[in-house]
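Student: I have a chain open here and want to go through it. Can you start with the terms and then take my questions?

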Amino acid sequence: IFIDASLDAESVYVQAQALLTLRVFHSVSLYDDSSLTPLQIGDARVEQLGEPRTYEQIINGVRHGVIELRYAIFPLKSGQLTIPSQVFSATPVLRNRSELGPFGSRPGSLTRVRSPQIPLTVKPIPADYPQGAPWLPARSLSLEESWNPSPEALLVGDSLTRTVRLSAEGLASVQLPPLRQPELAGLRSYPDQPRLNDRQSESGISGSREESLALVPTRSDSFVLPQVELFWWNTKSDRLERAVLAPRTLNVADNPQLLEEPRSLPGEAASTQPPSPLWPWQLSTLLLGCTSLLGFALW
């Protein structure tokens with residue numbers, strides 16, 4: 001029984017993703033009491049990628065069972081980071097060669113193997129990264145928008161929803177920044193709660209952030225939504241890149257259903273009805289009061 005650990009890169013940028021692969025090899029059968037110490041790193045955020053995988057591999061002509069675990073590591077500060085060793089404990093099944101029956105096996109002693117410590121160099125934010133921009137080190141990043149309904153042929157009072165989706169490979173959804181929402185006079189906006197989602201794959205974690213904004217024009221005009229711009233650092237090509245949503249113009253026309261009713265022209269006789277008289281109600285109320293007093297007196 002032996003254990004091996006490897007990183008996908010010797011150095012990463014701060015807050016970028018590093019993938020740790022841990023494999024336990026065993027050429028003997030193991031009981032179900034095997035365990036592995038949890039991976040804990042003080043200056044990094046660690047997430048296990050899925051459940052452990054089991055398969056077989058031939059090494060030097062000997063068939064080995066393999067238990068594979070993968071972790072996504074996000075360093076929180078620059079400098080030298082050490083991936084600590086992990087301890088795998090298991091009890092092997094020993095075969096007694098002198099007995100060929102079903103009771104020819106016995107448990108061996110508890111075995112512990114330790115993975116090696118791995119150094120990881122964490123690089124700081126590059127000096128040429130724009131000041132004040134959120135730091136986004138990713139393998140890929142995309143910025144998209146969608147509309148419901150289509151923003152064509154808008155009328156005053158119509159409601160439409162703009163959804164902006166930010167996706168990044170190599171970043172978790174909690175690392176993605178909120179997007180700037182437009183505030184224009186004559187265009188009411190109602191933001192919705194952002195939707196965060198994380199997806200795990202062979203390349204690690206891919207996060208996404210969706211923000212929806214309901215827009216209602218209150219007057220006829222042309223409204224220009226400003227462009228949405230995000231800087232990010234491509235960790236594959238090691239260079240600065242930019243994701244942009246182009247400006248969008250919304251042309252809003254008058255809504256005939258919301259126009260005021262036409263007023264009567266001068267000289268037209270306004271149809272008026274005389275107010276209904278109040279004396280029947282007053283008389284009935286007086287009669288009711290008198291009969292009530294008479295009833296109380298007789299009682």
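Tutor: Contact means heavy atoms within 4.5 Å. By that rule, residues 24 or more positions apart account for 72% of the contacts in the chain with a separation of 6 or more.

Student: Before I go on, what sort of model is this, and how are residues numbered?

Tutor: This is a predicted model, where local features need pLDDT of at least 70, side-chain atom pairs count only at pLDDT 80 or more, and totals for chains, interfaces and linings use all residues. Residues are numbered from 1 along each chain as its sequence is written, and side-chain values use heavy atoms, with hydrogens and water left out.

Student: How many helices and strands?

Tutor: One helix and 24 strands. These are DSSP runs numbered from the N terminus: helices are H or I with at least four residues, strands are E with at least two.

Student: How much of the chain counts as buried?

Tutor: 35% of the 299 residues. Buried means under 20% relative accessible area, exposed over 50%, partly exposed in between (1.4 Å probe, protein chains only).

Student: Which residues have the most contacts inside the largest nonpolar core?

Tutor: Leu20, Ile73, Ile83, Phe88 and Leu143, in a core of 45 residues. A nonpolar core is a set of buried Ala, Val, Leu, Ile, Met, Phe, Trp, Tyr and Cys residues joined through side-chain atoms within 4.5 Å. A second, separate core has eleven residues, including Trp147 and Leu213.

Student: What does Leu20 touch?

Tutor: Leaving aside neighbours within four places in sequence, the contacts of Leu20 include Leu7, Leu39, Ile73, Ile83 and Ile118.

Student: New topic. How many aromatic pairs are there?

Tutor: Four. Rings of Phe, Tyr and Trp (its six-membered ring) pair if their centres lie within 6.5 Å; planes under 30 degrees apart count as stacked, over 60 as edge-to-face and the rest as tilted.

Student: Why is the pair of Tyr13 and Trp135 edge-to-face?

Tutor: Because the planes are at 70°, with the ring centres 5.9 Å apart. Tyr13 is in strand β2 and Trp135 in the loop between β13 and β14, 122 residues apart.

Student: And Tyr129, how does it pair with Trp135?

Tutor: Edge-to-face, 4.9 Å centre to centre and 85° between the planes. Tyr129 is buried, with a relative accessible area of 5%. Tyr13, Tyr129, Trp135 and Trp233 form one aromatic cluster.

Student: Which charged end sits over the ring of Tyr13?

Tutor: That of Lys123, 4.1 Å from the ring centre. The rule asks for NZ of Lys or CZ of Arg within 6 Å of the ring centre and within 35 degrees of the ring normal.
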